[in-house]
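Subject: Structure handover

Hello,

Here is the structure I promised to pass on.

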Amino acid sequence: MKKVKISLAWQIFIGLILGIIVGAVFFGNPNIEKYLQPVGDIFLRLIKMIVIPIVISSIIVGVAGVGDIKKLGKLGGKTILYFEIITTIALLVGLLAANVFQPGKGIDMQSIEQTDISQYQETTKETEEHGFIDTIVQIVPENLFADIVEGDMLAIIFFSVMFGLGIAAIGEKGKPVLKFFQGTADAMFYVTNTVMKFAPFGVFALIGVTVSKFGIESLIPLSKLVILVYAAMIFFIVVVLGLTAKIVGVNIFHLVKILKDELILAYSTSSSEAVLPKLMEKMERFGCPKAITSFVIPTGYSFNLDGSTLYQAIAAIFIAQMYGIDLTITQQVTLLLTLMITSKGIAGVPGVSFVVLLATLHVVGIPAEGLAFIAGVDRIMDMMRTVVNVMGNSLASVVMSKWEKQFNEQKAKDYLEEIKNAA
């Protein structure tokens, strides 16, 4: 009798569905969170455990392979330019969607339960004065080990790039060190594949806790906002990222097929970190060189949050409409420019989308306390914006590889054929 093998994507999807069912059945039961939350936390901790070693070792190996600071500087400049263009388009799509469909008009604020957002307000107070220039300064690590403990990805990337260039500069003497980091990268990718076997259980627990806490009923008063956010993000993936992919000669649906496991996992956990190691591995197998994937994707986690910026634009206009505030074109342009800066200035902060909005809304006279009305359904929207962030960063590695004329077309075709045969 032939043994039936269920793919990881299906295992994660089954975990997602079972989690929704269990959460709905035991809605309001605090015991669900008590028993399931530790399972979800263990999974997220396992992911966080492997992310930094993979990023450091992969960047060092990739940069040492390039060995040319001019080439790397050129890649960095192009990458930041691309990120800025795409995130600006994401903001414009969000503003346009909110103005056309007006999700906040006619909302009865009495029918919405407010959620405590004090944790975000505290973070905002600490980061409100933190601008784009401060981010540039803090890219340079003062204490590498402190930055590793805090998970400051930009500082970690900066050190890894400099260390990789140093290894390349000393030639033969650097080969043993390079071999060590290559071995570290290979070992950590093996650990990643092992950890991913636990993903269905982690997804089941995390989604079960979410549904049991908020229930399906919490979506009803804010359903127009949630539906618009999802529709705008699907539009962004299919049209904006789709056209970008077509320009560089790639089919966006091929990327979706390649990343189906990671997209389901990112959606279920609302964690981009959960898929970072596999994202880098798959993009490399798709034809992007290690030097580019190991630099572009981790950097994108701070500078290319397309889903988050699109959501921030819609949420800001939604709150204004809910309070009956008509923003002028000038105010909306001001909002767009401010979001462009603040979303980069405090990248990596927990609950970053809420913190950015709290730090930004007062600039155009929108009451920041309005965020308390949508905090209850934020997790539902966070799931989808994480998917957009993952898609945006995976495409970015392809765009940069094509731009640098280093994309391996044959490798991409072979990998797609392999996936097709495995299906």
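Below is what was found in it, starting with the overall picture.

This is a predicted model, so please keep the confidence values in view as you read. The protein chain averages a pLDDT of 83. A score of at least 70 is reached by 87% of the residues. Confidence is highest in helix α10 (residues 223–247), at a mean of 95. It is lowest in helix α4 (residues 118–127), at a mean of 46.

Two stretches call for caution. Over residues 119–128, pLDDT stays under 50. The model has 16 contacts beyond four places in sequence for that stretch. Residues 345–350 also stay under 50. There the model has 13 such contacts, again beyond four places in sequence.

Now the fold. The protein chain has 20 helices and 0 strands. It has 423 residues, of which 54% count as buried. Take the contacts between residues at least 6 apart in sequence: 86% of them join residues at least 24 apart.

Helix α2 (residues 30–66) and helix α13 (residues 276–285) have axes that come within 9 Å. The axes cross at roughly 35 degrees. From α2, the contact uses I50, V51, I54, V55 and S58. From α13, it uses L276, P277 and M280. By type, these residues divide into 7 nonpolar, 1 polar and no charged.

Next, the aromatic rings. The structure holds 9 aromatic pairs. One of them joins Y82 and F83, and it is tilted. Their ring centres are 6.2 Å apart, with 55 degrees between the planes. Both Y82 and F83 are buried. Elsewhere, F159, F163, F180 and F181 form one aromatic cluster. A ring also meets a charge: the charged end of R385 sits over the ring of Y311, 4.1 Å from its centre.

Last, two backbone details. Q102 is not a glycine, yet it has a positive phi of about 45 degrees. Q102 lies in the loop between α3 (69–101) and α4. It counts as partly exposed because its relative accessibility is 30%. S270 is another residue other than glycine with a positive phi, near 55 degrees. S270 is in the loop between α12 (260–269) and α13. Is S270 buried or exposed? S270 is buried, with a relative accessible area of 16%.

Best wishes

Technical notes:
Residues numbered from 1 in each chain as written. Predicted model: local features only at pLDDT ≥ 70, side-chain atom pairs only at ≥ 80, totals over all residues. Heavy atoms only, no water. Axes fitted to C-alpha atoms, helices over the stretch in contact; angles between N-to-C directions. Helix = DSSP H or I, 4+ residues; strand = E, 2+ residues; numbered from the N terminus. Contact = heavy atoms within 4.5 Å. Nonpolar A, V, L, I, M, F, W, Y, C, P; charged D, E, K, R; others polar. Phe/Tyr/Trp six-rings, centres within 6.5 Å; stacked < 30°, edge-to-face > 60°. Buried < 20%, exposed > 50% of the residue type's maximum accessible area, 1.4 Å probe, protein only. Lys NZ or Arg CZ within 6 Å of the ring centre and 35° of its normal. pLDDT = per-residue confidence, 0-100.
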